[in-house]
Amino acid sequence: MRHPTRLTMVYRLVPVFSLLCMPIPESSSDAKGNYVALGFGSETCQTFLQARSNGLDLPYRHWLTGYLTAVNKLTKDTVDIRGTTDTDGLLGVLEHYCIQYPRHSFSRAVESLVTELYPKRMTHMPHAP
């Protein structure tokens, strides 16, 4: 009668041990902080500024909100990295950054924005009225 109990235990422990042996990345980039930005994040600030001046910045807005959603999900004690700033305000901050650093990538500008926003982030969901 012990045989079925052992098999049940083995079936339960094998997945646990498998998970423990899986490599878990320590960070979201390599040792030097490098990572590959996809989509509009790889465009230059100059390209973002041109698109913005022509009213064609919607793809950048979408890229930004996706990036910030990931920051919200993956950053400890962060419900909303934006704090009280809306997306239009964030794009204005990015525009100022990109005027100063037109050769930087849009993702680098957004990283700088996140660093600036971090102290003002929302750490708890606001209570409904």
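1. Among contacts in the protein chain between residues at least 6 apart in sequence, 70% join residues at least 24 apart. The model under review is predicted. Buried residues account for 26% of the 129 residues in the protein chain.

2. As to secondary structure, the protein chain has five helices and zero strands. Its pattern, read along the sequence, is α-α-α-α-α. The points below concern helix H2 (residues 45-53), together with helix H4 (residues 87-100) and helix H5 (residues 106-117).

3. The structure holds one disulfide. A disulfide is a covalent bond between the sulfur atoms of two cysteines. Here the bond joins Cys-45 to Cys-98, with an S to S distance of 2.2 Å. Because Cys-45 lies in helix H2 and Cys-98 in helix H4, the pair ties together parts that are 53 residues apart in sequence. The torsion about the S-S bond of Cys-45 and Cys-98 is about -45 degrees, and the disulfide is therefore left-handed. Both Cys-45 and Cys-98 are buried.

4. Two packed helices are described by the angle between their axes and the distance between the axes. For H2 and H4, the axes come within 9 Å and cross at roughly 130 degrees. The two helices, H2 and H4, are therefore oblique to each other, and their crossing is left-handed.

5. Which residues of H2 and H4 meet? On the H2 side they are Cys-45, Phe-48, Leu-49 and Arg-52, and on the H4 side Asp-88, Leu-91, Gly-92, Leu-94, Glu-95, Tyr-97, Cys-98 and Ile-99. By class, the contact of H2 with H4 comprises eight nonpolar, one polar and three charged residues. The disulfide partners Cys-45 and Cys-98 are included in this contact.

6. Helix H4 also packs with helix H5, at an angle of about 120 degrees and with the axes 10 Å apart. That makes H4 oblique to H5. The crossing of H4 and H5 is right-handed, whereas that of H2 and H4 is left-handed.

7. In the contact of H4 with H5, H4 contributes Leu-90, Val-93, Leu-94, Tyr-97 and Cys-98. From H5 come Phe-106, Arg-108, Ala-109, Val-110, Ser-112, Leu-113, Glu-116 and Leu-117. These residues divide into ten nonpolar, one polar and two charged.

Terms used: Residues numbered from 1 in each chain as written. Predicted model: local features only at pLDDT ≥ 70, side-chain atom pairs only at ≥ 80, totals over all residues. Heavy atoms only, no water. Axes fitted to C-alpha atoms, helices over the stretch in contact; angles between N-to-C directions. Helix = DSSP H or I, 4+ residues; strand = E, 2+ residues; numbered from the N terminus. Parallel < 35°, antiparallel > 145°, perpendicular 65-115°, else oblique. Left-handed = near helix turned anticlockwise from the far one by under 90°. Contact = heavy atoms within 4.5 Å. Nonpolar A, V, L, I, M, F, W, Y, C, P; charged D, E, K, R; others polar. Disulfide = S-S within 2.5 Å. Buried < 20%, exposed > 50% of the residue type's maximum accessible area, 1.4 Å probe, protein only.
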